[in-house]
Amino acid sequence: MTSAAVDFGVGRILSILESEALLLTGIHGEVEKTRKGLMIMNSFLEDTTKHGGTTTQVFQTFVSNTRDLANQIEDIIDEFTYLINGYHSLSMLQRAFRLPMYIWTKRSIASKLETVNATIQALSDTMKRYSSSNTALPVVGGDDRTKRVRNIGESSLFIGDDSLVGIDAAKGKLIGWLLNSELQRTVVSVVGMGGSGKTTLAANIFKSQMVQTHFDSSAWVTISQSYVIEDVFRSMIKEFYKEAETQVPGELYSMSYRELVEKLVNHLHSKRYIVVLDDVWSTSLWTEIRVALPDGICGSRVMITTRDETVASFSFGIGSQTHKIEPLNEEEAWKLFCNKAFSGNLECCRTQNIEQIARNLVERCQGLPLAIVALGSMMSTKKLKTEWKKVYDTLNWELNNHPELKVVQSILLLSFKDLSYPLKHCFLYCCLFPENYRIRRKRLVRMWMAQGFVERIKGAKPEEVGDSYIMELVYRNMLQAVLTNHLGRPKALKMHDVIREIALPISKAEMFCDVCDDEAEAIENVKTRHLCIRGHMTSGRKGMNLSSLLVFSATNPEIALPPRMKLLRALDLQDCTVNKLPDSLVKLFNLKYLNLMRTQVKELPKAFHKLLNLETLNTKHSKIAELPLGVSKLQKLRHLITFRHNDGHDSDWNYVLGTGVPSDIWKLKNLQVMDCINAKTELIKKLGNMTQLTRISLAKVRKDHGNDLCNSLNRITGLRFLSLTSIDEEETLKIDTLSSTTNIEKLFLAGKLEKLPSWFTTLHSLSYLGLRWSGLDEDAIRCIKGLPNLMPRLGEIIICDGSMPDLQKLYVIACRGMKSVPNGIESLVKLQELHLIHVSDQLVDSICGEKSIDRSKVEHIPTIKHYFRTGNGSYYESLS
C-alpha cells in the first residue's frame, strides 16, 4: 500500500499545481519553487520504492508528510480561488472599499505557500541525508491487510455469464433443491469465502428461465453488515412490485415496521415465491425477516448466500440445504483466466511465449475466481514477456494466515497501483458511495469534474474524458457496469464490496475520503477531503475543510452546513428528505456541483446567483418548480437538470413537468445540458446562442414558437438529444424547418405533427425515437424504417424460418399498429417468454382464448404476459 500512497500523494500535489488559480499574478514564483521541490521528492520516493525501502519508519514518515503537504496546498488553492473570484465579482465601488483586505489576504496566502516550500526544502534535505546513510532503519511491523479484508462483503463477481466456469454441477444441484416437491417454505444456503463466486452462482440460478417460470413472484435483496430491517423490507417490496410491473406505493418510506410486514405478508401469502438474501452476515437476520415470509404450503423458497458457515448451518427449518463453494480446479481456473487475459484466444498467449508465466500466475490465485478475474483483466493490457515476468516477480503474497484473502488483496492493490494517477483519484472517490450502491455514470463524472480529477485534453470535453475513465475502470474490473444503454455504454456502476473494502482503508490512510454513520463521527476526522455521512447532518457546530460532502439516508428536514465548510466543491443530497436549504449555501463560493435530486426542497436561496463557480445543478424530481432570478450569472454552469414527473396528473398528457427559468437563461454560453425547462418566447428566440448544448428538453412548446425554435436549434450543431413537449395534446409542434439534425441520437416529440418533417430522413445517428400524440398516418413508417440506427415501429413483423433459433425472450413494445403476433413466431422453438407491452387490443385478442386465430402459434411459449395501462395505474395479465 505504501508505494501506492507515494504515487498518490506526490502525484496529487503535482496535479494540484496545474490549477489556473495558482498561475495568477502574485504567487507564480512560489508555485515554481513548489513544483521543483516536489519533483526532487518524487524521484527520491520512486527510487526508494524500487529498492524495497517502503516499509521503514523514515520512509513512511516521508509519505505521511507528503500527504499533509497535499492537503495544505489544496486548501491554499481553494482559498486563493475564493479570494480572486470573489473579489473580481464585486462592483468597482465594492472592490475599492475592500482593496486593503484583499491585499492583506493575498499576502497571507502567499505566506502560507512560502511555509509549504520551506517544508518541502526541509524534507528534501532530510531525504538526501537518508539516502546517503547506510544505517539500517527499523521496519514497521504488523501487516493489517488481513484485518481489513476480514469483514468484506460481496454482492456480485465481476464476471459475465459468458465467462462462467465450473458452476454446472453446483447449479444443477441447487436448482433441484429449489424446484423439489417440498410444499413448505425451505431455505437453501450457499456458503463460501469472499470472492469465491457464491453470488455469481446464486444470480445465475435466480435469473434462469427454469426458476423464474416455476415461481409466481421473486425478489433479490442484498444485505449489508449494518442493515436496517425496515430498509430490507422496503427493498423486498420494491423488487416484488417491479417484477409485477406495478407502481411502488408512494408512502413506502413512511411505513412503519408493522405496515411493511403486513404489506409483504398480504402480497405473498397465496404465492409460490423465491427470495434471495445475498451477503448475509449473521443469523439474527433470519430471526427478524422470517415473519414477513409466509410459511405456507405453496412450495416457496429462500436462498441465502453467506461467507459465514455458522449462518449456513443455522437451523432454518424443514428441508433446509447447504452448498459450500469449492475453489476452481486447475483447468477451470486456467479457462477463466484465459477468458479475461486473452479473450479466450490461447494462440495469442502462445505466440507471445508467455503461457508458462501465465500458468504460474494462475496457480498463485489458488482457484479463487475474484483473484483470477482481477489479475486476468490487468494482464490483458500486457503484451511483452518482460511485463508479465515483472508482475509475477512482484506478487509478494503472504500465505500464512487466510491466504485466500491476502491473495485477493494483493491482486487488487496491484491493480490499483497499475492505474494512471488520475484514475487513482477517480477510483478511490467511488468509496464515498454506500456498499452495493448503483452509481449513475453521469453523476460520477460530474463529481470528478468538480474536484478537478479529470485531465484537460486538447480537443476533448471534460465529460468525454471522464467517460473514458469510466470505461477503463470497467474494463479493468475495478468498477462493474450494472446497467448499460442500447450502445453498451454503462449507465450505472457499482464498486464490488471486496474492492471497496480494500480501497476504503487506502482512502482513509491518505485522508482522501471517509464514510461516517453520523455527523458526530464525522467531526472526529477533520482532515479528510471528501466525506460521506450516512445519517443526520444538523448541528453545524464544527466542520472541516471538505471538498466533497455526500449525505445519505438523512431524515431531518433541514441541513446545516458547518462554518468551516466554505471551500466545499461538491454537495450531494440526493434522496435525502431535506426540504429546506440553509441561507449559508450561497457562501460556498467554490461550489461546482449541487445535487438535490429527489429531495423535498421547494426553492433555492434568492442569492443563489452568488455561486459563480457552479458547473452542475441537479433538481430532478425535487419540488423546485422555478429557478430564482440571476441564474444567468452562473456563467460556468454546464449541466442544468430540472426534469420532473407530474405524479398527480390524471391524464397521460403532461406527465413531464418543466421548470420555470428566467428568460435570460440563454446567456449561459457554456451550458451542455438543459433538461427540462418551460419554453418562453424570449428564450426560444435566443436559444441559438447556447451553441455548446448537447441535450435540450423543452416543455410547454407552442405552435407559434415553431419558426424561432427551428432557427435557434439549427445553430446548435452538436445536439445529440432533443425533447419537445407541446403545451397540450391539441397543440401542434411546428418544426418543419429544422435542419441541424445529423448528430441527434435520441429524439422525443410529444404533440401533434401535421406531417412527418422532411428532415427525418437525415436522422442517420438516431437510435431512439419517441412520438406521442403525433397523429401521423401509416405513410410515416415508410420514412422512419429507412433510418439505419432505428428499429422502426412496424405494423407487421415477419420471422423467416431459421432466424434467431436461440431466441428465448421477445418483447413487443408500444407497437399499436400490429394486429397479430409476428408471422413465423411458431418457428422460435426455444422461445420461453413473450411480453406484449402497450399493444393493440386486436393483437391481444388474436391469441387470447382457446379458439383465437393465432393461439396455436404461441402454445409452445411457457410465459406470455400482457402489460397495459388504465386510469388507475399500470397492470399486467398472464396470457399463457
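Let's start with Asp806 and Lys830: they form a salt bridge, with the closest N and O atoms 2.9 Å apart. By salt bridge I mean a side-chain nitrogen of Lys or Arg within 4 Å of a carboxyl oxygen of Asp or Glu. Asp806 sits in the loop between helix H26 (779-784) and strand E23 (809-813), and Lys830 in the loop between E23 and strand E24 (833-837), so the pair ties together parts that are 24 residues apart in sequence. Helices (H or I, at least four residues) and strands (E, at least two) are DSSP runs, numbered from the N terminus.

Asp806 is exposed at 52% relative accessibility. Lys830 is partly exposed at 43%. The cut-offs: buried is under 20% relative accessible area, exposed is over 50%, partly exposed is in between, with a 1.4 Å probe and protein chains only.

A word on the source. This is a predicted model: local features need pLDDT of at least 70, side-chain atom pairs count only at pLDDT 80 or more, and totals for chains, interfaces and linings use all residues. Residues are numbered from 1 along each chain as its sequence is written, and side-chain values use heavy atoms, leaving out hydrogens and water.

How many salt bridges does the rule give? The count is 14.

Next, Arg185 and Asp295. Their closest N and O atoms are 3.9 Å apart. This pair ties together parts that are 110 residues apart in sequence. Arg185 is buried, at 7%. Asp295 is partly exposed, at 43%.

Last, Asp231 and Arg234, bridged at 3.0 Å. Both lie in helix H9 (residues 229-243), three residues apart, about one helical turn. Arg234 is buried at 10%; Asp231 is partly exposed at 40%.
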